[in-house]
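Please study the sequence and the model shown below, then work through the exercises that follow. Each task is followed by a solution in steps.

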Amino acid sequence: MAPETPGTEPQALSNLLHENRRFAPPADLAAAANVTAEAYDEAAADRLGFWERAADRLTWAKRWDTTLEWNPPFAKWFVGGQLNIAYNCVDRHVEAGRGDKVAYHWEGEPEGDSRTLTYADLQREVNKTANALQELGVGKGDRVAIYMPMIPELPIAMLACARIGAVHSVVFGGFSASALKSRIDDADAKLVITADGGYRRGAPSALKPTVDEAVAECPQIEHVLVVRRTNQEISTYDRDVFWADIVERQSDQHAPEPHDAEDPLFILYTSGTTGKPKGILHTTGGYLTQTSWTHNAVFDLKPETDIYWCTADIGWVTGHSYIVYGPLANGATSVIYEGTPDTPHRGRFWEIVQKYKITILYTAPTAIRTFMKWGDDIPAKFDMSSLRILGSVGEPINPEAYVWYREHIGAGRTPVVDTWWQTETGAVMISPLPGVTSGKPGAAMRPLPGIVADVVDDQGQSVPNGGGGYLAIREPWPSMLRTIWGDDQRYIDTYWSRFPGMYFAGDGAKRDEDGDIWLLGRVDDVMLVSGHNISTTEVESALVSHPKVAEAAVVGATDPVTGQAIVSFVILRGSVEESADIAAELRNHVAKTLGPIAKPRQILVVPELPKTRSGKIMRRLLRDVAENRSVGDVTTLADSTVMNLISEKLPSAKSED
Ligand code: WT7
């Protein structure tokens, strides 16, 4: 390995990428912003007072006695307080005279298939469903597994659980029977709510057979509640009850009983990289406080005029916090879309933006890079002048993808908010504020008011500006996970043991020369090249900054000279032909952008990248390819055939130099 420069400590993570572009907030947005720069000072002066004021945006049946009880690493927020989440998300808006306001415009995948639910409609549906759940013997504290497509009955089912104090565990509709079964078992659920199927890529896609297979081995399941969506033929069993039979005949009145601020609201399983899925537990008062405050602040939501669309699946935390709880607590009008972005054509998202005059769009970098690959001409065909704020979540957004998003979707006018958070954090933690922050492409910028996040070195010391390290959170926050369901020890070991007294998120990060935070990917993915810790994110962003590249994934592969060497997999933009010298061109581009240390050993042009069902690149599988191993477990891939396409490319991959 190359020696370190004498006199300098090796950094936990190198800071290679330097970005000079800045985008100030539009003047009219800044002038009318929900949250101004004072919020940072107020929260810094009195953090708990700040969160108390955020909690006061909700309606409490009983005010809390103690704002925070902190027995590290176990937190209780708003102790002694009582509230009903369904009441806060639905009833109170109706009582305030906003019953006719649209809560959800639902757009099915088959064109022309749409439904509109006002807050009054939602109240009736949630009440009927709450009554039906009680008739099925579900009560406070019982766990309910929900395995559904993106149809209105999904948020209705979640809110009905919340209303009666049952704990929902939503399992993403793309998961297998065995994944569903293990989650039902872990939470010991007694009811499953599902549908016959949903529409995906232009065809009905069945769900009920997967539930049947899972439940065959789950004796604790008393009933399966089934919505008819596709009218596919399905097998039925004694335990099955149809939504149309039980929900429709219920009373649309249901008294919302207050629940304790610390009563469980939901469990959501995250797979992590390996091992048994972790049931992340979120509770009531703190979760709703932070999801609703952040939704109001980060998206500058004006409930009377905004039309908000988060494209995530409700099966992920993004959908829980920013399709269901945050927006409804704020009385927003949202769009829900059932299907995929390329059905029936690659302009479907932009057609939806045009149809509903969407003002706020929240999506993921993986989608943005796909749209870049498909070409600028597709969004250009639609009128998207209604858009005023764009959001990103799920992975680091490469600066070039950020700029493309701003230019081609936001017409060069709209701020982009890159929001960093996790299933575990429950709500956004690090993000620009659109009316305050001058955004830098690729940076998540600053912790939100009330959040104490830091970038630390191996010893847990804050790194100076310009330094790289690990993202850590130094103080508890209202929407933090309370534990891993049924496994406090694993909660302690996973999140609180790497740095004493701090929550460790598992992400690498750097603090730039101005003190702003950049996320650099999972620490498991960091590459060690000639003694330098190099983040995959920075090399990928350098590749994506080349005009021919739409998307890139890099991994470290064992190398006899440098310890690890950088191997890159790239997808070219739609119109670009693969030329003979493309690899040399891209390698030189990276060396020029980041320095010679980051120059990839190899570049492979591939048609697709392996991704999880939530759109994150699975670098583990690419490492197998780069190190000439047989490819490991592909069961969590969204498309299991992708690895064959990539392996086929391998013989042509020559190591240059
Ligand atoms: C992990 C959490 C948060 C809801 C969706 C994902 C990565 C998320 C960003 C961002 C860089 C990000 C991190 C994080 N991540 N947002 N804006 N910039 N990385 O939830 O499945 O729990 O994943 O996603 O690595 O730890 P999740």
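**Exercise 1.** State the strand order of the open sheet of eight strands, and identify the strands at its edges.

*Solution.* Step 1: the order is β12-β11-β8-β6-β7-β14-β15-β23, and the pairing is mixed. Here strands (E, at least two residues) and helices (H or I, at least four residues) are DSSP runs, numbered from the N terminus. Two strands count as paired if DSSP finds at least two bridges between them. Step 2: β12 (240-242) and β23 (483-484) each have a single partner strand, so one side of each is left without a neighbour in the sheet.

This is a predicted model, in which local features need pLDDT of at least 70 and side-chain atom pairs count only at pLDDT 80 or more, while totals for chains, interfaces and linings use all residues. Residues are numbered from 1 along each chain as its sequence is written, and side-chain values use heavy atoms, with hydrogens and water left out.

**Exercise 2.** Describe how strand β15 is joined to β23, and find the helix that packs on the sheet, touching β7 and β14.

*Solution.* Step 1: β15 (residues 278-283) runs antiparallel to β23, and two bridges join them. Step 2: isoleucine 280 has isoleucine 484 of β23 as its bridge partner. Step 3: the helix is α11 (residues 317-329), which touches β7 (167-170) and β14 (264-270); contact means heavy atoms within 4.5 Å. Step 4: the direction of α11 makes about 145 degrees with that of β14. Axes are lines fitted to C-alpha atoms, for helices over the stretch in contact, and angles run from 0 to 180 degrees between N-to-C directions.

**Exercise 3.** Characterise the surroundings of the ligand.

*Solution.* Step 1: the ligand is surrounded by 16 residues, a residue being near if one of its heavy atoms lies within 4 Å. The closest are Asp418, Thr419, Gln422, Thr423 and Asp507. Step 2: the shell divides into six nonpolar, five polar and five charged residues. In this division Ala, Val, Leu, Ile, Met, Phe, Trp, Tyr, Cys and Pro are nonpolar, Asp, Glu, Lys and Arg are charged, and the others, Gly among them, are polar. Step 3: α11 and β25 (517-522) each supply at least two residues of the shell.

Step 4: consider the polar contacts, which are pairs of N or O atoms within 3.5 Å. A backbone N or O atom of threonine 419 lies 2.8 Å from a nitrogen atom of the ligand, and a backbone N or O atom of glycine 394 lies 3.1 Å from a nitrogen atom of the ligand. For aspartate 507, a polar side-chain atom lies 2.8 Å from an oxygen atom of the ligand. Step 5: the ligand taken alone exposes 550 Å², of which the protein buries 89%; these accessible areas come from the Shrake-Rupley method with a 1.4 Å probe.

**Exercise 4.** Which strands form the open sheet of four, and which helix lies across β24 and β25?

*Solution.* Step 1: the order is β21-β22-β24-β25, with antiparallel pairing. Step 2: β21 (453-456) and β25 are the edge strands, each pairing on one side only. Step 3: the twist averages 45 degrees from one strand to the next. Step 4: four bridges join β21 to β22 (residues 468-473), and alanine 472 in β22 is the bridge partner of aspartate 454. Step 5: helix α17 (residues 536-544) lies across β24 (503-511) and β25, at about 105 degrees to β25.

Conventions
A polar contact is a pair of N or O atoms within 3.5 Å; within protein, one must be able to donate a hydrogen and the other to accept it, and residues adjacent in sequence count only if both atoms are side-chain atoms.
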